[in-house]
Amino acid sequence: MTDPDARVAVVVITHQRRDEALLALSRLVELPERPHVVVVDNGSTDGTAAAVAERFPDVELVASPENLGAVGRNVGVARLTTPYVAFCDDDTWWDPGSLRHAADVLDAHPRLAVVTARIVVEPGAREDPIVPELRDSPVPGADWLPGPALGSFLAGASVVRRAAFLEVGGFCERLWLGGEEELMAGDLAAAGWELCYLPSLTVHHQASTARDSHRRRRDGIRNTLWTTWLRRPLRPALRRTLHLLQTLPRDRVTAQGIWAAVRGIPWVARERRVLPAHAEARFAALDAVQRRSTARRYVS
């Protein structure tokens, strides 16, 4: 058996997915890196917290009385002192050896903040449709990067440098959940950090059917609009907004998402900080990809 790798820990957020969380944890505790695992239960009422405590006594459990969304990851990171943190959703788990490799890469590249893994869909180990977009990313990045530069990342399939995560304040509480990574990615880039895709890392995703797809779409629309106007210059923000309005499904969920975004305008105006040119260039490079993407659709 290999020695534990004390450089990297895992934070899992879960809500109302007892069985899925237990399956993911059974895979994580068997990893050769033997990482410390923190589970943040976001106010589940299905017995998730009790089951985790009973089945996995060595896992650190935080039972939040409310659903914190992505901010649950902030809570988990605050419990840790490791230099690197791997995130998991309650229906994902890391491949053996990937966490050690991620730590090696982050050790070797001190200005690299996030590495995102190749995602395979279970059962069947099929490559997720988002993988080609990661692999063929058009984003400009430093020439020393060990993989394609990214403009954003997928939290449930990424390892982050804890110091960089804390520097930009973690995930935004106002966004809650749904595309919350994009705002953080922009702030990381503005602060001089790099993000990249590493195909030598693998995350498995066995998508749960326990999800409120309408809420996810509504919040995703709201968060995309908020993030766009929080950080993008005027013309790119207008272009992206118009594209969204032209292509979103014309239904009640879309209307709710747009209305939620409109109600946040005073907050967005107060918090708006346009990205510096080098960080905006990463988002500008993604505009065309996002318009034609089949893996990033607002459907429910």
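Predicted model: local features only at pLDDT ≥ 70, side-chain atom pairs only at ≥ 80, totals over all residues.

Student: Which residues line the largest cavity?

Tutor: They are Glu-182, Thr-227, Thr-228, Arg-231, Arg-232, Arg-240, Leu-275 and Phe-283. Helix α8, residues 213–231, gives the largest share of that lining, with 3 residues.

Student: And how much space lies in it?

Tutor: About 40 Å³ lies in the largest cavity. The structure holds 1 cavity of 30 Å³ or more.

Student: OK, pockets next. What is the volume of the second largest pocket?

Tutor: About 240 Å³. Its lining divides into 9 nonpolar residues, 1 polar and no charged.

Student: Which helices each supply at least two residues of that lining?

Tutor: α8, α9 (234–247), α10 and α11 (265–271). The lining residues include Leu-225, Trp-226, Trp-229, Thr-241 and Leu-245. Val-262 and Ile-265 are also among them.

Student: Where does Val-262 lie?

Tutor: Val-262 is in helix α10, which covers residues 252–263.

Student: Why does Val-262 count as partly exposed?

Tutor: Because its relative accessibility is 37%, and partly exposed covers the range between the 20% limit for buried and the 50% limit for exposed.

Student: What else is in the loop between β6 and β7?

Tutor: Ala-125 is found there. Ala-125 has a positive phi of about 55°, although it is not a glycine. Its relative accessible area is 43%, so Ala-125 is partly exposed.

Student: What about Arg-34, what is its phi?

Tutor: Arg-34 has a positive phi of about 45°, and it is not a glycine either. You'll find Arg-34 in the loop between α1 (18–28) and β2 (37–42). Arg-34 is partly exposed, at 37% relative accessible area.

Student: Last one: is Ala-149 buried or exposed?

Tutor: Ala-149 is buried, because its relative accessible area is 6% and buried means under 20%. Ala-149 is in the loop between α5 (131–135) and β8 (158–161). Ala-149 and Val-139 are 10 residues apart in sequence, and their C-alpha atoms are 5.6 Å apart in space.

How values were computed. Residues numbered from 1 in each chain as written. Heavy atoms only, no water. 1 Å grid on protein atoms, 1.4 Å probe; cavity = no way out; pocket = protein on both sides within 12 Å on 5 of 7 lines; lining within 4 Å. Points joined across faces, edges and corners; volume = space filled by probe spheres on them. Helix = DSSP H or I, 4+ residues; strand = E, 2+ residues; numbered from the N terminus. Buried < 20%, exposed > 50% of the residue type's maximum accessible area, 1.4 Å probe, protein only. Nonpolar A, V, L, I, M, F, W, Y, C, P; charged D, E, K, R; others polar.
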